[in-house]
Amino acid sequence: MSGPLPKLLNDAASQFIRDRHLLGAFIGGLVRDSHAAEDLLQEVWVRLAAELEKGTSILNQAAWCRGVAKNLVRRHWEKNQRSIPTADPDSLSLFLDRVEHCFQEAHPDSATDRIAALDQCVDSLPDRSRRLLTLRYHLNADMDSIAAETGLSFEAAKKALIRIRAELMDCVQNRIRGGLWA
Amino acid sequence: MNSIDLVETLERWKDGTLAGADLERLNHALESADFRTRLLDTWLLDHSLPGILARHSIQSDLPAPGTSRRVLRNPLLKTFGAAAAGLLLGLFSASYVFGKAAFPHRKVVPLLNESFESGPTPGQNGIPVVPNRWSGDFSRVVDAQQGVQPNSGKRMLQLCRADYEGKHPGFSYSADIYRIVPIPKGLTGLGEASVTCEAQCSSVPFAEAKRYGISLILCALDALPDSAEPGAWKPGSAQPEPHPSENAELVSASARRSLSLDPRGMTWQPLRLEMRLPAGTRYLLMSFHLADHQAGRNPRESGATEFPGHFLDSIQVNLVQDASASNPRP
């Protein structure tokens with residue numbers, strides 16, 4: 001591959017990879033099905049590459065991708081009405097705008113710092129908590145299977161996971177505020 | 001709103017159980033910069049956790065570099081480790097899209113494209129010992145059934161019962177079907193190789209949400225069992241019968257993915273899994289396990305669970321080879 005277009009695509013790919021945590025979290029938070037979320041993330045790239053091939057100049061790639069992702073999410077919601085809460089369209093639209101605002105404020109480097117902090121926080125978890133997280137987030141086990149595997153009731157397993165995630169979130173915030181290696 | 005309240009609220013958002021009034025409260029809370037930061041943290045956490053947990057799992061479970069294959073004593077840990085390798089790959093699966101434009105060195109080799117339109121009737125006598133044949137518990141190839149249309153073509157596979165001919169007379173609540181897929185020689189020796197598997201799953205409607213779940217398990221094998229008996233897959237005599245992934249002598253890597261079937265039924269849900277293949281892999285043992293969790297919670301002395309209408313179709317297995325990894329380094 002040679003010439004200006006491949007270089008443009010390669011630069012865009014590099015930035016896309018750098019931004020993927022934030023964009024993935026944005027889509028993943030809004031779309032219930034993780035596979036659908038992954039498909040949407042890939043669709044954003046396909047559209048970005050197509051625009052660049054057409055010669056479109058994209059000044060702020062992160063914002064452009066988020067805008068495309070937002071439209072794709074909206075379309076996904078329209079096709080999968082059952083996957084979103086029963087709410088009036090205005091509230092949903094406002095929610096989408098406000099979430100987009102959250103991610104506009106974030107810098108890719110801050111995501112990298114947060115993920116590094118999260119890595120340390122996961123490392124410091126008790127084995128039992130890490131095992132619960134592994135079952136849920138790594139092995140994609142459903143709550144019934146987690147309850148059966150751990151000997152907890154369905155509700156207890158669900159509450160334990162919520163508590164562990166809240167602890168991790170607090171841990172990440174404390175590490176970011178106090179310096180990453182605190 | 002503290003962290004637990006926030007996680008609970010966002011959990012309900014993801015579950016689709018957040019009430020309209022709660023969404024308005026969420027919108028109101030998002031006016032606060034602090035709350036916006038916390039929402040971002042929560043979603044970034046959810047997005048990053050699988051990869052971080054996979055790394056932790058790999059670090060703790062996989063053999064150290066330079067050592068030969070280690071037989072892990074805890075078969076579950078072994079499965080975790082192998083699944084981690086597959087999942088790490090999945091985290092960067094967006095790169096498959098980039099492949100068209102920026103990474104032309106990826107090569108995709110189709111290994112199986114099954115829509116049950118032709119081929120031998122699935123065996124009903126447990127795990128197969130020969131490649132290219134479906135076998136396992138009682139199943140049958142059917143046309144459109146009870147309102148469920150095949151996902152592709154005119155036929156699909158129905159998983160009927162949680163036992164097979166000659167199975168020991170114990171209680172079981174999981175209907176299993178297996179297939180051995182040969183990996184062509186030389187394809188896993190050069191560069192990084194992985195397999196991707198995608199299948200479509202459907203059922204008739206049922207009352208209790210999350211009652212039925214289906215898992216896909218992939219196992220990488222260097223060779224097939226010596227014995228021609230299906231029992232050769234099973235380590236020891238543990239009961240209930242262990243999955244072949246627990247047989248560390250035969251299986252060099254494994255990965256698993258599960259999904260809960262939609263109780264509204266009648267639609268097809270995709271089940272996808274990727275797994276990195278160790279060099280020298282000659283066969284892939286692919287299996288689907290349909291579980292009735294309600295039956296599992298209320299075990300009987302004996303007897304196999306029957307399934308009223310649960311189907312598989314459009315099963316595709318591809319080998320993805322990254323030839324660039326085989327280039328000699330300066």
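Over how many bridges do strand β6 and strand β11 of chain B pair? The first legend gives the answer. This is a predicted model, in which local features need pLDDT of at least 70, side-chain atom pairs count only at pLDDT 80 or more, and totals for chains, interfaces and linings use all residues. Residues are numbered from 1 along each chain as its sequence is written, chains are lettered from A in the order in which they are written, and side-chain values use heavy atoms, without hydrogens and water.

**View 1. Strands β6 and β11 of chain B.** Nine bridges join β6 (residues 174-182) to β11 (residues 283-292) in the antiparallel sense. B:Ser174 lies opposite B:Ala291 of β11(B). Strands are DSSP runs of E, at least two residues, and helices are runs of H or I, at least four residues, numbered from the N terminus.

**View 2. The open sheet of chain B.** Its five strands follow the order β2-β6-β11-β8-β9 with antiparallel pairing. Because β2 (135-136) and β9 are at the edges with a single partner strand each, one side of each has no neighbour in the sheet. Two strands pair if DSSP finds at least two bridges between them.

**View 3. The interface of chain B and chain A.** Contact (heavy atoms within 4.5 Å) involves 65 residues of chain B and 70 residues of chain A. The buried area (accessible area, 1.4 Å probe, lost on being put together, summed over both parts) is about 6400 Å², with 64% from carbon and sulfur atoms.

**View 4. A salt bridge between the chains.** B:Asp46 and A:Arg165 meet through their side chains at 2.9 Å, N to O. The interface has five salt bridges (Lys or Arg side-chain nitrogen within 4 Å of an Asp or Glu carboxyl oxygen) by this rule.

Notes:
Buried area = accessible area lost by both parts, 1.4 Å probe.
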